[in-house]
Amino acid sequence: MSVLMIVTLVVFIGAKGLGYFWPQAIVQFETAQGPVMGEISDREPAHENEPERLQLRVANRDLYGQDFRWFQADEVKNPKLVADAVLVERLEYGAFIGWIRAVQEDGKVIAEGPGALPGVEQRLPKAHSLRSRIHAIEKGEVGDLNASLEGIRLDRRRLKSAPDEAKGKALDAKELDLKARYQQVSERLDELRKESQRVTVILETVDGQRKEQSIGSLIRVLPVNSMSTLSKLKVYMSRLWEFVAEDPRESNTEGGIFPAIFGTVMMVLMMSLVVVPCGVVAALYLREYAKDGWLVRATRVAVNNLAGVPSIVFGVFGLGFFVYTLGGSIDQIFYSDRLPTPTYGTGSIIWASLTLALLTVPVVIVSTEEALASVPRNQREASLAMGATKWQTLWKIVLPGAAPGILTGLILAMARGAGEVAPLMLTGVVKLAPSMPLDGTFPFLHLDRKFMHLGFHIYDVGFQSPNSEAAKPMVFMTALLLLAVVVLLNFAAINLRRRLRARMGGSTF
Amino acid sequence: MEIEDPRPIPEPVVLPPPKTEPAWDRAAVAEMELALRVRKLDLWYGAKQALFGIDLDVPKNTVMSLIGPSGCGKSTLLRSLNRMNDLIDGVRIQGQVLLGDQDLYDPKVDVIELRKRMGMVFQKSNPFPKSIYENVAYGLRIHGVKDTRVLDETVERSLVGAGLWDEVKDRLKDSALGLSGGQQQRLCIARALAVKPEVILMDEPCSALDPIATGRVEELIFELKKDFTIVIVTHNMQQAARVSDFTGFFWLGKLIEVGLTKQLFTNPTQRTTEDYITGRFG
């Protein structure tokens, strides 16, 4: 039964989402208002006195104002596949459907008519490499320079409270140097940008509107109707890869979701790092050290109740305690020179992880307690009879014996933690994080940064997006990926547990 | 546990003069150095008294076996000797147990140090879920030995001592749980030997073993006597007769009779003992 449910779930989500990346045929229709062209994206069968309706993805949002249009089946006539129609994926305004009429360099036409499409395809790789160079400079050098300048600004503020002329001079010199370097970098960037804008493409829609666009803003140009299945498959794979590995564009409705995957995985791992020691220590105390009394009983009741508290309550607690109280105090003490800009006093990955750790700690406590109980008594006795202290026995015999059970608890905790969204929205998740919590800028791990999360991404794309029709498949794909991430994390833990068990020669649990 | 005793408590046992005893005569026994002395030991589980005024002397380098019906307190006594009963809630103990000159129940005594001097082998073999090597080395490791050479030597010496070396020397890194039941029990003995205890306590070490494995362990006990003092609890009277020099008979929490094994089995002084060893009850 549950197998059936899982399979249905995955198949349903997969079917809804995975088709999204397959290049669809471009169909041209005649209507009373003139010709239209697009991909057929949905059909509504006729019912009662409503005739059958077609949904057409006409794209060209910059020209038409919307990506999708509904037509009654009887008002569109003469469907035909236009062989030379192209789907152009662009960095902005979504896709374009129409024809490529010409390629220009510095305002001069260098290819037109039938030669225009090959001309674009020939020049695209160069444009892509230019774009990634620009991107690398923006992320790398400019980012580093900005960080250094920010550092200087903070040093200045510190100097105000304790003036020191020599230091001030040194700062001035440093700032001058940095600004000069900044100037150099931005000149180089300008040059690259100009270079990327030299070649432009003239696009024409089915109703005759023309648009000139620089080749640097194009991602792919696909003459869909004349492509073979194999080349469609190639496009499919490359789109899939883009989805998994790239940053989002167009308020998350296009591009990839890599930051969200990364944020989810990192948050879950940080949560595990916190929840396992806390849960194990608590369980050890409860099971091995505490004498049975009202305190222990109260603790157990508390643990059980903690597991039943709605997760949004944890979110509120995380916001109030971790973010405002703890984070605020950290800012007061260590980052007072940055105030009023908060450093830790705002939602961030560390507070989100801690909140989730709190949420999942009962699971770990309960399964650790059971695992401790499952370690055979005679092994403890053997160890004690050898002259081991209680602590040595726990550390060397009981805990290793209980490790598989503890991992079971961790697996459950991870599964729950990865799926929670509500508490995260209060403690550190954002729609679009400018930078990831782990990057190449010193000190590499930025616990104070906000992050993106797959679960929140689903909510955001599906319900908060300005272009929800276009984002619908993204929702399913993101859900599929969230599922995949949870399954992968679980597999990692299960594999670890299997190895531990094998090493112990097949104990129970 | 049935501890209500309808009969009068017998007088403390005095070793009776042996009739024919080539190796052990009474005078010799009296002069023997004692490894372990139990004096007036009473033990309660909560409100129930489980041991009544036990007096027992175990001479050095001998095997003392404790026999008696189930629940008579022989295992309880054994576990009192290395203070394993401390781990059970509600146990109260009066009396003395002297290891050499040290009273085990002196509040100043270091239990950890004491248990190092008293090895224990349990009824059911209980190797750790580690490699054979690590099982034997465990005792040394917890006492802070890190030198690999010392560890290697001790592991080999202990396994040789437990008669297991030839069988496992090529697979020391394998899991101990892959060994047969008899091998596991000998591994547990090796593990106990590794910390060089003075006394080895064995709690029905062969009760879960087949006759061949039992035979090997019994031979081993005979060998170990040269270097260690052994107290063994057994249900099997033939086994007690085969391996031990002295035998004590427990009944309802009391040590009814203790003496040279041969004599106790052939010529018991107490009626109860005779009834038990002739199979009239128990």
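Two residues are taken to be in contact if their C-beta atoms, placed from the backbone, lie within 7 Å. The contacts described below are those of a predicted model. In chain B of this model, Ala240(B) touches Ser65(B), Ile67(B), Thr234(B), Thr247(B) and Thr261(B), residues up to four places away in sequence being left out of the list. Ala240(B) lies in helix H9 of chain B, which covers residues 237-243. The residue is buried because 25 other C-beta atoms lie within 10 Å of its own, the cut-off for burial being 20 or more. Between Ala240(B) and Lys262(B) there are 9.8 Å in space, C-alpha to C-alpha, for a separation of 22 residues in sequence.

Chain B as a whole contains 11 helices and 10 strands. Of its 282 residues, 47% are buried. Among contacts in chain B with a separation of 6 or more, 69% are accounted for by residues 24 or more positions apart.

Two helices of chain B, H4 (residues 132-142) and H7 (residues 181-194), pack with their axes 7 Å apart and at an angle of about 30°. Angles under 35 degrees count as roughly parallel, and H4(B) and H7(B) are therefore roughly parallel to each other. Their crossing is right-handed. On the side of H4(B), the contact involves Ile132(B), Asn135(B), Val136(B), Tyr138(B), Gly139(B) and Leu140(B). These meet Leu187(B), Ala190(B), Arg191(B) and Ala194(B) of H7(B). By class, the residues of this contact comprise seven nonpolar, two polar and one charged.

Backbone geometry was also examined in two loops of chain B. Most residues other than glycine have a negative phi. Asn61(B), in contrast, has a positive phi, near 55°. Asn61(B) is placed in the loop between strand S2 (48-59) and strand S3 (63-67) of chain B. With 15 other C-beta atoms within 10 Å, Asn61(B) is partly exposed. Lys196(B) likewise is not a glycine and has a positive phi, of about 50°. This lysine belongs to the loop that runs between H7 and strand S7 (199-203) of chain B. Lys196(B) is also partly exposed, since 16 other C-beta atoms lie within 10 Å, a count that falls between the limits of 12 or fewer for exposed and 20 or more for buried.

Chain A contains 14 helices and 13 strands. Its C-alpha trace spans about 90 × 75 × 45 Å along the principal axes. Buried residues account for 33% of the 509 residues in chain A. Of the contacts in chain A between residues at least 6 apart in sequence, 68% join residues at least 24 apart. The mean pLDDT of the chain is 84, and 98% of its residues reach 70 or more. Within chain A, confidence is highest in helix H9 (residues 349-374), at a mean of 91. The lowest value, a mean of 78, belongs to strand S13 (residues 254-255) of chain A.

Helix H6 of chain A (residues 258-289) packs against H11(A) at an angle of about 135°, with the two axes 9 Å apart. H6(A) passes H11(A) in a right-handed crossing. From H6(A), the contact is made by Thr264(A), Val268(A), Met271(A), Ser272(A), Val275(A), Val276(A), Gly279(A), Val280(A), Leu284(A) and Glu288(A). From H11(A), the partners are Leu394(A), Ile406(A), Gly409(A), Leu410(A), Ala413(A), Met414(A), Gly417(A) and Ala418(A). The contact of H6(A) with H11(A) has 12 nonpolar, five polar and one charged residues.

The two chains also meet each other: 17 residues of chain A are in contact with 20 residues of chain B. On the side of chain A that touches chain B, helix H10 (377-385) and helix H11 (390-419) each supply at least two residues. H10(A) gives the most to this side, with six residues. By class, the residues of chain A on this side divide into seven nonpolar, eight polar and two charged.

Notes: Residues numbered from 1 in each chain as written. Chains lettered and ligands numbered in written order. Predicted model: local features only at pLDDT ≥ 70, side-chain atom pairs only at ≥ 80, totals over all residues. Helix = DSSP H or I, 4+ residues; strand = E, 2+ residues; numbered from the N terminus. Nonpolar A, V, L, I, M, F, W, Y, C, P; charged D, E, K, R; others polar. pLDDT = per-residue confidence, 0-100. Axes fitted to C-alpha atoms, helices over the stretch in contact; angles between N-to-C directions. Parallel < 35°, antiparallel > 145°, perpendicular 65-115°, else oblique. Left-handed = near helix turned anticlockwise from the far one by under 90°.
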